[in-house]
Amino acid sequence: MPTRAGTKLPGTTGRRTFLRAVALGVLTIGATALDWSGLSRLRRANAEIGPNGMQGWDRNDCHDAYATGYPELPDTSGAYVNTYAACFGGYWRGSTYCEAGWHKYGTWNENGVQVDHQPLSNTCGQTIAKNAWRWTTPDKKVYRCSDGFSTFWGDGSTGQTYLTICRAEL
């Protein structure tokens, strides 16, 4: 017995053909809605290259750098001092060591103290040395932690060099 909607179709369309057409229409609408919302596109992390040719990590959980993660340490300066910890290591950590989202490079005058910043790529990594890694905090924000050395001259400092970590939000 033909359905009410099936009687409006031309020719001798069977119930199965009609149901296939309905199912195909529903699938098409669903796929289109996913594509419009962006949910169908998986965002893949790519290896990042910093402004000085330094290479970063491909992932945002740092398990390729530290197989079991690491104990994040709070920032010692900058914009994220009172937020979730993200970076690890270094004598000092914070956004104050960043330029364009990566560790500063070159000589800077910071409050009357000359600071020579040098990014490095030999403190993080097991097989390939990397300069920066990503970390996702509990509030789902992703940060780049970029390694470097900072040497301080003036205001009581006479060329002391420290491992410093730039923390930049992505």
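Student: Is the disulfide of Cys98 and Cys166 left-handed or right-handed?
Tutor: The torsion about the S-S bond of Cys98 and Cys166 is about 110 degrees. This is a predicted model, in which local features need pLDDT of at least 70 and side-chain atom pairs count only at pLDDT 80 or more, while totals for chains, interfaces and linings use all residues. Residues are numbered from 1 along each chain as its sequence is written, and side-chain values use heavy atoms, leaving out hydrogens and water. Given that torsion, the disulfide of Cys98 and Cys166 is right-handed.

Student: How many residues apart are Cys98 and Cys166?
Tutor: Their sulfur atoms lie 2.0 Å apart, and a disulfide is a pair of cysteine sulfur atoms within 2.5 Å. Cys98 belongs to strand S2 (residues 98-99) and Cys166 to strand S8 (residues 157-169); strands (E, at least two residues) and helices (H or I, at least four) are DSSP runs numbered from the N terminus. The pair therefore links distant parts of the chain, 68 residues apart.

Student: Is Cys98 buried or exposed?
Tutor: Buried means under 20% relative accessible area, exposed over 50%, and partly exposed in between, with a 1.4 Å probe and protein chains only. The relative accessibility of Cys98 is 15%, so Cys98 counts as buried.

Student: Which residue does a disulfide join to Cys87?
Tutor: Cys87 stands in the loop between helix H1 (15-37) and strand S1 (92-94), and its partner, 58 residues apart, is in strand S7. The S to S distance is 2.0 Å, and the torsion of about -85 degrees makes this disulfide left-handed. The residue joined to Cys87 is Cys145.

Student: What pattern do the disulfides of the protein follow?
Tutor: A search of the whole structure finds 2 disulfides. With bonded cysteines counted along the chain, the pattern is 1-3, 2-4.

Student: How many residues has the second, separate core?
Tutor: Cys98, Val113, Phe152 and Ala168 are among its members. Tyr143 of the largest core is in contact (heavy atoms within 4.5 Å) with residues that include Ala168. The residue count of the second core is 7.

How values were computed
Core = buried A, V, L, I, M, F, W, Y, C linked by side-chain atoms within 4.5 Å. Lists of a residue's contacts leave out its neighbours within four places in sequence.
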